Amino acid sequence: MIDTRSGPVDQIDLLVLGAGFGGIAMADRLLSDGRGRDFLVLERAEDVGGTWRDNTYPGCACDVPTALYSLSRHAHPGWSHSFGRQPEIFAYLKSVADRIGLRDRLVTSCEVESAKWDAENSQWVVDTSRGRIRARHLIAATGALSAPSVPNLPGLEDFEGEVFHSAQWRHDIPLEGKRVAVVGTGASAVQFVPEIAPITRHLTVFQRTPGWVLPRLDRSISESRRRWYSRIPLLQRIVRGRIYLGRELYVVVFTRAQFLLRFYEMFARLYLFLHVRDRKMRKALTPDFSIGCKRILLTSRWLPALTRPDVTLVPDAASAVTPTGVVSGDGTEIPADVIIFGTGFQPSEPPISRVVTGADGRTLAEHWGGSPRAHNGVTVAGFPNLFLMYGPNTNLGHSSIVYMLESQAEHIGKLLDLSDRARHKTIEVRGDVQSEYADRMDRELAKTVWNEGGCSSWYFDSSGRNSLQWPSFTFRYREQLRNLDPSDFVVG
């Protein structure tokens, strides 16, 4: 039994796990459809926000324009920049939660320990850190970027200094005058390294693989423009539409006309040449794969930061840790007082998959066997009344995941309506439909830059399959989810 604002609850119709963008989008859909569904949102932390609550590292910002990075029914005219900063995005999510009345249905500081399907009663039995609750439907909106990935470096446990991951930034650890080693050069590192470089005694960056860098064309949004957006919301919707269409054109380049990527690569090479004049360093920072194969790094401060005299780039992955430093691939030990991992997340093995157990007694992780599959990225065979948000093959390389999450929320709403008409109020995708869908994703991804670009990226799971990326236009995904075919599901 879980205590809520309205008192203890032991059974409910619908349970949403996670209160980030996905959970808030789902709650907004449920609260606005007029059906008055009985639901709760469980959040493991003390507030809503998901990744934008947790990631507080210096310089944390979004690389998708703010015009797209908001819920369509809750535009925000007050963005200060064209690319949103973490504090603003976090504040936005909290304001939406307040506006839609989510707080009355939110249970915070509630960690899900297990969720098991009870076939006899056609419901999920969910054990949490705050008690047990039974739910007819379960929606996992825990996100793909919630579990930090830390490499298992030999000797790490013996390091005498401080260690943390960028997604769990230790603001209580002063970096002034310290020798800091940063392991990783991905999307987070390129944001926080320029911020901390001026205050450290010396900063050493360990780079396993270089990434293609393009300038982030960020600009401040004037007070007058914000006032116009507030007075005439249509203006902001027009800007949103223009940016959305421009971003969708990237799909053509990534999937159908990869020869055009050469022009982007030429620009990236020129940008690198203009900011890094040392030939040896420039060579170390030049990728050997097609631009777009890995996530393109949008930053205007990363390259200048690396050329500082008090910053050293090590073009090798860290191989080990000693009590007083980090060892590079060639065996050289670099002294360090603090180690910061900017090594990303575990998107293909989300923690929630290890605690959700389906009809056959296997967890979602066991069912997937290291290669996630879900019909439309939402429903999984063998897991009745379970719905995923930001599930397999729904990640984007060009546009806003918020658009995908809203599409999924609408789709789940339709699936709930379909199950309501069934005798036992259950719905489950057919196994053959799920397999055919996964095969289609594999075929469509086969000729994209993400698969053919010659890189090893976090888009690929442990089986070597690209189980993360969506291979086409986002409007195609929305249309696909809108055209629900009841024959794809077993309704009981």
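**Entry 1: the serine.** I began with Ser457, which is buried at a relative accessible area of 9%. Buried here means under 20% relative accessible area, exposed means over 50%, and partly exposed is in between, with a 1.4 Å probe and protein chains only. I found Ser457 in the loop between α13 and α14. Helices (H or I, at least four residues) and strands (E, at least two) are DSSP runs, numbered from the N terminus. Setting aside neighbours within four places in sequence, Ser457 is in contact with Cys293 and Lys294; contact means heavy atoms within 4.5 Å.

**Entry 2: ground rules.** I reminded myself that this is a predicted model, where local features need pLDDT of at least 70 and side-chain atom pairs count only at pLDDT 80 or more, while totals for chains, interfaces and linings use all residues. Residues are numbered from 1 along each chain as its sequence is written, and side-chain values use heavy atoms, with hydrogens and water left out.

**Entry 3: the disulfide.** How many disulfides does the structure hold? I found one, taking a disulfide as a pair of cysteine sulfur atoms within 2.5 Å. It joins Cys293 to Cys455, with 1.9 Å from S to S. The pair links distant parts of the chain, 162 residues apart. Cys293 sits in the loop between α8 (279–284) and β15 (297–298), and Cys455 in the loop between α13 (449–452) and α14 (474–482). The torsion about the S-S bond of Cys293 and Cys455 is about -90°, so I noted the disulfide as left-handed. Cys293 is buried at 0% relative accessible area, and Cys455 is buried at 15%.

**Entry 4: the greasy spot.** Trp228, Ile232, Leu234, Leu235 and Ile238 make a nonpolar surface patch of about 460 Å². Patch residues have over 30% relative accessible area and no salt bridge, and nonpolar side chains (Val, Leu, Ile, Met, Phe, Trp, Tyr) are joined within 5 Å, like charges within 9 Å. A salt bridge is a side-chain nitrogen of Lys or Arg within 4 Å of a carboxyl oxygen of Asp or Glu. Areas come from the Shrake-Rupley method with a 1.4 Å probe; for residues, only the protein chains shown count as cover. Helix α6 (residues 233–256) gives the most to the patch, with three residues. Ile232 lies in the loop between α5 (223–231) and α6, and I logged Ile232 as partly exposed at 34% relative accessibility.
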